[in-house]
Amino acid sequence: MDSAFRPSAELLLSFGFTRFASPAGQARYSRPSEVGQETVVLYDDDEMTLLEAVNGQLLYCFQGRVASEAELRVLLRQVNWPAEVGR
């Protein structure tokens with residue numbers, strides 16, 4: 001993919017995510033879910049990882065890139081994460 005979309009902090013915050021400390025080269029955002037914790041990790045190379053911890057287990061959901069905000073919203077819905085502002 002030539003052009004990758006990197007969600008802004010403002011967008012993730014509007015979805016209810018909170019920024020947490022992370023190692024250099026990463027930005028980590030998390031929010032509670034109905035059954036656990038949802039986490040988005042953004043990397044400096046525009047890759048991202050979506051992780052969900054449920055009942056003490058870490059579930060791998062996605063690692064890669066998206067091309068637009070619309071594609072990010074579709075991805076979030078595919079893993080059953082709300083993708084609305086003001087969650």
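This is a predicted model: local features need pLDDT of at least 70, side-chain atom pairs count only at pLDDT 80 or more; totals for chains, interfaces and linings use all residues.
Residues are numbered from 1 along each chain as its sequence is written. Local features need pLDDT of at least 70 and side-chain atom pairs count only at pLDDT 80 or more, while totals for chains, interfaces and linings use all residues, and side-chain values use heavy atoms, with hydrogens and water left out.

A pair of aromatic rings is described by the distance of the centres and the angle of the planes. Rings of Phe, Tyr and Trp (its six-membered ring) pair if their centres lie within 6.5 Å, with planes under 30 degrees apart counted as stacked, over 60 as edge-to-face and the rest as tilted; by this rule there is one aromatic pair. Because the planes of Phe17 and Trp81 stand at 45°, with the ring centres 6.3 Å apart, this pair is tilted. Its members are 64 residues apart, Phe17 lying in the loop between helix H1 (9–14) and strand S1 (18–20) and Trp81 in the segment after helix H2 (69–78), where helices (H or I, at least four residues) and strands (E, at least two) are DSSP runs numbered from the N terminus. Phe17 is buried, at 2% relative accessible area, and Trp81 is likewise buried, at 1% (buried means under 20%, exposed over 50%, partly exposed in between, with a 1.4 Å probe and protein chains only).

Helix H2 also contains Arg73. Beyond its neighbours within four places in sequence, Arg73 is in contact (heavy atoms within 4.5 Å) with Leu11, Phe15, Ala83, Glu84 and Val85. The C-alpha atoms of Arg73 and Leu51 are 15 Å apart, and these residues are 22 apart in sequence.
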